[in-house]
Amino acid sequence: MAAMVVGALRRGTAAAGGSSRSFARSLPRLVSTLVVAEHEGGFVKPSSLSALAAAEAIGKDGNRVSLLLGGSGPGLHKAAEHAASSHPLVSEVLVADSDAFAHPLAEPWAELLRSVQHKGGYSHVIASSTSFGKNLLPRAAALLDVSPVTDVTSISEPRVFVRPIYAGNALCTVRYTGEDPCMMSIRSTSFSPTEAMSEAKVAPITQVDLSFLSEGSSGKSAWVNLKSQDTERPDLANAPVVVTGGRGLKSAENFKLLEQLAEKLGAAVGATRAAVDAGFVPNELQVGQTGKIVAPELYMAFGVSGAIQHLAGMRDSKVIVAVNKDADAPIFQVADYGIVADLFEVLDELLKKLPDKK
């Protein structure tokens with residue numbers, strides 16, 4: 001069982017604050033939550049819908065939830081319409097329509113978040129622990145002079161959270177004792193999104209005042225380009241089935257066998273850091289502590305030894321199947337089903353017997 005550790009995040013000398021602050025914390029607080037959402041193709045991303053589920057876990061009664069979207073063009077406005085009916089708790093959708101937010105640069109987004117927070121006075125700010133959220137939240141927290149709580153997997157009370165430490169081998173219960181807002185990133189795999197509402201209840205959409213923007217507000221970073229694989233396979237972070245390969249696959253050419261299996265299963269392809277470092281696949285497929293966190297219904301690991309850093313990114317999978325010729329590989333300690341065999345023989349049999357996906 002993972003160890004439970006009680007800790008506290010304190011801003012400055014908040015621990016030495018007066019009794020009035022302690023008394024205030026003992027009373028029910030008015031909760032208002034700002035969810036920083038991501039969108040793609042005119043829809044709010046599933047990871048951001050999970051952030052809405054986390055907002056619900058903070059409190060249903062009296063929790064005013066606003067959802068913040070940024071970008072430009074028709075895709076933004078379509079996503080805003082989707083967000084307005086995405087969750088019964090959403091009371092308002094805030095839209096920052098500007099080319100400055102068309103790309104996930106932390107500098108302009110942090111300024112946007114600071115401006116929205118100053119006007120809205122939210123008690124909580126939530127983002128998903130995606131690359132965007134991990135990049136934005138610390139910078140915005142610094143501008144607001146608060147300490148963020150990262151990788152939250154469970155919410156016990158409005159200011160008491162559970163988050164993994166030591167590469168997921170222990171769980172830490174954290175009480176936030178700083179000033180508002182309590183800023184947190186959540187692991188989307190730990191919060192199940194609510195099913196879409198009927199169109200009867202639609203939150204209002206409001207344009208954000210962008211008068212704070214000025215030339216050069218993007219800071220020292222500049223958007224260059226986006227390179228992504230053109231594939232019909234599901235997104236790795238949200239796929240119900242993930243097929244992952246490790247260094248045991250030996251080459252990029254052999255990874256094509258995994259891709260063939262993924263096509264038959266309708267699965268996403270993942271990889272260990274060792275496979276990425278060896279140049280077998282791009283780093284966008286990396287699963288683990290420094291890659292993507294996944295929790296699919298089925299996780300199949302081929303030639304994966306089971307390093308702690310990798311297990312931290314997939315241990316919450318519902319069913320784990322491991323194939324490795326080393327019977328002592330650590331991956332078997334977390335696997336529901338293990339096959340001690342040559343992975344190429346197993347892959348060959350699977351490819352022969354599994355029908356093509358229609």
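**View 1. Helices H6 and H9 of the predicted model, packed against each other.** The axes of helix H6 (residues 252-265) and helix H9 (residues 343-353) cross at roughly 35° and come within 10 Å, where axes are lines fitted to C-alpha atoms over the stretch in contact, and angles run from 0 to 180 degrees between N-to-C directions. Helices (H or I, at least four residues) and strands (E, at least two) are DSSP runs, numbered from the N terminus. Residues are numbered from 1 along each chain as its sequence is written; in this predicted model local features need pLDDT of at least 70, side-chain atom pairs count only at pLDDT 80 or more, totals for chains, interfaces and linings use all residues, and side-chain values use heavy atoms, without hydrogens and water.

**View 2. Helices H4 and H5, packed at an angle.** Helix H4 (residues 106-120) meets helix H5 (residues 131-144) at an angle of about 55°, and their axes are 8 Å apart. The two helices are therefore oblique to each other, a term for angles that are not under 35 degrees (roughly parallel), over 145 (roughly antiparallel) or 65 to 115 (roughly perpendicular).

**View 3. The buried residues of helix H4.**

Definitions and conventions
Buried means under 20% relative accessible area, exposed over 50%, partly exposed in between (1.4 Å probe, protein chains only).
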